[in-house]
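Dear colleague,

I am passing on the structure we talked about, and I would be glad if you looked it over before reading my notes. The sequence and the coordinates come just below.

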2 protein chains.
Amino acid sequence: MAAQGFWSLGAENAGDNSTQSPSTPRAWCQAAAQKFTGGIGSKICALLNVGEAEKPADPVAKKPEAEAGTCSCSKPCNCSKTNIGFSELYSTDLLPATNGDLKTMTFLQEVVDILLAYIVESFDRSTKVIDFHYPNELLQSNNWELSDEPETLDDILISCRATLKYAIKTAHPRYFNQLSTGLDMVGLAADWLTSTANTNMFTYEVAPVFVLLEYVTLKKMREIIGWQEGRGDGIFSPGGAISNMYAMLLARFKMFPEVKEKGMSSVPRLAAFTSEHSHFSIKKGAAALGIGTDSVICIKVDERGKMIPSDLERRIVEAKQKGLVPFFVSATAGTTVYGAFDPLIAIADICKKYEIWMHVDGAWGGSLLMSRKHRWKLNGVERANSVTWNPHKMMSVPLQCSALLVREEGLMQSCNQMHACYLFQQDKHYDLSYDTGDKALQCGRHVDIFKLWLMWKAKGTIGFEAQIDKCLELSEYLYNKIKDREGYEMVFNGKPQHTNVCFWYLPPGVRYLEDKEEKQKRLHKVAPVIKARMMEYGTTMVSYQPQGDKVNFFRMVISNPAATFEDIDFLIEEIERLSQDL
Amino acid sequence: MAAQGFWSLGAENAGDNSTQSPSTPRAWCQAAAQKFTGGIGSKICALLNVGEAEKPADPVAKKPEAEAGTCSCSKPCNCSKTNIGFSELYSTDLLPATNGDLKTMTFLQEVVDILLAYIVESFDRSTKVIDFHYPNELLQSNNWELSDEPETLDDILISCRATLKYAIKTAHPRYFNQLSTGLDMVGLAADWLTSTANTNMFTYEVAPVFVLLEYVTLKKMREIIGWQEGRGDGIFSPGGAISNMYAMLLARFKMFPEVKEKGMSSVPRLAAFTSEHSHFSIKKGAAALGIGTDSVICIKVDERGKMIPSDLERRIVEAKQKGLVPFFVSATAGTTVYGAFDPLIAIADICKKYEIWMHVDGAWGGSLLMSRKHRWKLNGVERANSVTWNPHKMMSVPLQCSALLVREEGLMQSCNQMHACYLFQQDKHYDLSYDTGDKALQCGRHVDIFKLWLMWKAKGTIGFEAQIDKCLELSEYLYNKIKDREGYEMVFNGKPQHTNVCFWYLPPGVRYLEDKEEKQKRLHKVAPVIKARMMEYGTTMVSYQPQGDKVNFFRMVISNPAATFEDIDFLIEEIERLSQDL
């Protein structure tokens, strides 16, 4: 049998939607079915019944099997469900098995139908962001152990449904928990294609198109940074932390090329500089590269979280006096918590004066370069030696997509190459400059480029700009809404520079406490409780943390193109609703 | 209009397949259409006509548009192509756009149809492995530049088709070029689901299911290695090179925990040991970690490419005499070129004697642990401190999927953690031991677990075993076929231990040369020419390289579950056919 669980409910009730609002899947389904006469009408109906099917006690469980040879739709239909019985099939029946074509296509189509239903559901505000369960609950209620024996394709489909049932809906318009939110449909299509192409970025030989698209895209990104004619180098790496680590590695190699062979024992004691609000990956990188976290000197920030250039200069001079060699300054364009942009021009001047590699960690804020309205916040970025820029954050490219852009051409290659002759043969018949694998730390490298490139094609630069501008507009709306609202206190004053809005909410029971210490103590516990309740209700998700001597506060960020003003209103109402008793 | 390019040919000829062999898509299509009365019959027909459509001059170009409101099938049909006109739609019409549901589903379905067609084609031996073009040709004949303005969804679909047209078919039964080949259908489905779930591995909060599945799977892998009750630690990392780098990082931290804060200046000069045939990532890791490539001491191998334990011991003693501190031995289980397994028991004895961290780089050979017949080749692996094992190689999990397994629990966490309080809040409402992100070098981490876990469910351990055993059987078949065949010389003697079969083919013009030096010089050029011709004909792909003083030879490897004895025969015939004139 082909259709189960998610599929089997609702078809008979499809007409009975009088009590539902027009925005429910069922009402929508009826409208669609009327509008479209082809097979897609009924197919979409079936798809949308998924939302309805979610309510039974165990929505992912196996249903009694329909008669072999029929689909389980309750009425005559021309949906794509055929008479293939997955309960009798195993993965060995799929391609490359002889005559596996049809079974394969039907199986993959079944999976796609599950995914399409999940996607539609994810954007529906009436569904939960998360159906939260504690780790032990999930482990106990699901048979996730691996065994010697195979399971049927039916069981595999059940596992797919269960996985999505308990997944977090990162596309949901009210999911604000991370810097990477939302789900772009073209990006998703591109990622499906990438999986299907299933290849590796190390050589042109095995990834001709993807290697060229990476070349084209990196050049475009360098142009946007402002490097002449887009010259320079770069790579897509598995995340901003690794991109930042690459930058530190390059800076060290540029100053002391002998470090590659001789190691740190050939090098004087180094010093790296970054703000106290910078991302933890700078220290992580220093630990890994054998520089040590003690050699990462944290520069003071102002009230808004921006690095103070005079403190940077002071600490550089101090380090030199101690005999350390300053080699690396990482300025942050869009800090993780405050969304602050370090003053890049002043920092560039200092780096020039002391001949230090200037890196800009724009993992979060780099995307503002795409916006004519907001790119001034990164003025000076063109003077950097390297820039981290994660399109998987503010540009909503599916995870992962992080670029490191480097101003000097050829440096990555000399820093990292090992000339593996089984991979980078020098007597190949094509232009070897496209075999870029030897400049990477990785050997095999996942294809992260296609989703960004295809989205860029689909949106154009102006499309990304519009998307980014809208998120910033929403955050300004939130800021204006709460800055003078009763019970709210801003963590820092002034309009946010990025989409980060940091605030405390003081529920009635905390708001009027007179004992300052007691008030802070109680306030510290508010955000975790509200967050836990958000997750248990599944209505929304937003992050919180302490910072320095500041007790737990909410860090709202908006990178989800699905979010609207109404969702911001909802968040505020929800925070207040969930903390009435606190 | 919905259907173009790939789609628009063939429908009117679907009945006219008398001249085709039954294995062609067209004949298959007819059979399928007769067998299945539902919508899937015509749908599959349309899908399979893709193969037919590949031959026109420009198969990815835009076709004249069909009338708006009709699908472009030439006969009445009930395929899922609706009257949505992609040439008038943009990505902004898709979700989260109001009423974007139907357009989104139709668009994604169109992409899936392109992918399904590509998949079926990839397994068809009558299609090319690659439609090779030189980089400049591709750049000139395609408009891949990025611009300010958006393109229509129609253009996006055309780009998808073009990308696949020039992609390498890594699933093709005659693609032998890399250690990672083949395309597993359940793995692919899982990767599509992963993209759709679009989340991050750092916390339980945002990836509850995936975090638990990683936990379950790592434990299972440690059990298979032989660690008691599967105890220990581990992580899925972006590839074997990074897994190996993690191991080196852990070994250094274990011996000198102060290195995290103080860097390499607090540590004596270190020495790492690995065989001269080991993977280049060991040196790459040493360069990055500030240890330096000169501190990686290459141990001699025997004629079969296995590390010689007595040489290891000699070099350890020598290093100590020079004042170096030996801290890391990386034994290789399945070398990249020869497929050799270093003698792990002897190496474990030496590591124990000198108290050195023993790492096993089983990126390629680790999967043999799944085979009762072949796992003896890794005897002693249970004595390692860490093991790299890439299921994306011999187990055909889609790229990337690489695990580092570590015997000591908690070490990764203490080595790498930075306590970022915006991510790893200590006052969350669930068991924080599942927030595993702080043990990683990465911050955001791609979900690589689901494809492996779902494949394991679908195959069972015995399914992986069967798949691996079959690949080894095929390589033995190849070895037996060529070892005494005229014109072939084996690079090393004896039955291969892994699926690597390394050989020279001496074409008639080289075979009888008397001048030894001239013969070697000519032979060195043979493999590159044959390889270039393979790619230009697109019939098959296999790797070649020199090694040490050995001139270019072919390194045949088999990891593709689609390969058969017939494909091995084909490879040999093709090598001989393509070099008749050499």
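Predicted model: local features only at pLDDT ≥ 70, side-chain atom pairs only at ≥ 80, totals over all residues.

I began with the place where the chains meet, where 168 residues of chain B are in contact with 169 residues of chain A. The area buried between chain B and chain A comes to about 14,900 Å², and carbon and sulfur atoms give 67% of that area. As for charged pairs, the count between chain B and chain A is eight salt bridges, one of which joins the side chains of Lys531(B) and Glu205(A), with 2.5 Å from N to O. Polar contacts between chain B and chain A number 70 residue pairs, counted where both residues are at pLDDT 80 or more. On the side of chain B that touches chain A, helix α3 (residues 101-122) of chain B gives the most, with 16 residues. By residue type, that side of chain B divides into 93 nonpolar, 47 polar and 28 charged residues.

I then turned to strand β12 (residues 550-556) of chain B, which is largely enclosed by the rest of the structure, because six of its seven residues are buried. Which strands pair with β12(B)? Strand β10 (residues 501-505) of chain B pairs with β12(B) in the antiparallel sense over three bridges, and here Phe503(B) stands opposite Phe554(B) in β12(B). Strand β11 (residues 541-547) of chain B also runs antiparallel to β12(B), joined to it by four bridges, with Gln545(B) standing opposite Phe553(B) in β12(B). When you follow the chain from β11(B) to β12(B), you will find that the two form a hairpin with two residues between them, and that Gly548(B), in the turn, has a positive phi of about 55 degrees.

Of the 582 residues of chain A, 68% count as buried. Among contacts in chain A between residues at least 6 apart in sequence, 72% join residues at least 24 apart.

With best wishes

Terms used
Residues numbered from 1 in each chain as written. Chains lettered and ligands numbered in written order. Heavy atoms only, no water. Contact = heavy atoms within 4.5 Å. Buried area = accessible area lost by both parts, 1.4 Å probe. Salt bridge = Lys/Arg side-chain N within 4 Å of Asp/Glu carboxyl O. Polar contact = N/O pair within 3.5 Å; in protein donor to acceptor, adjacent residues only side chain to side chain. Nonpolar A, V, L, I, M, F, W, Y, C, P; charged D, E, K, R; others polar. Buried < 20%, exposed > 50% of the residue type's maximum accessible area, 1.4 Å probe, protein only. Pairing = 2+ DSSP bridges.
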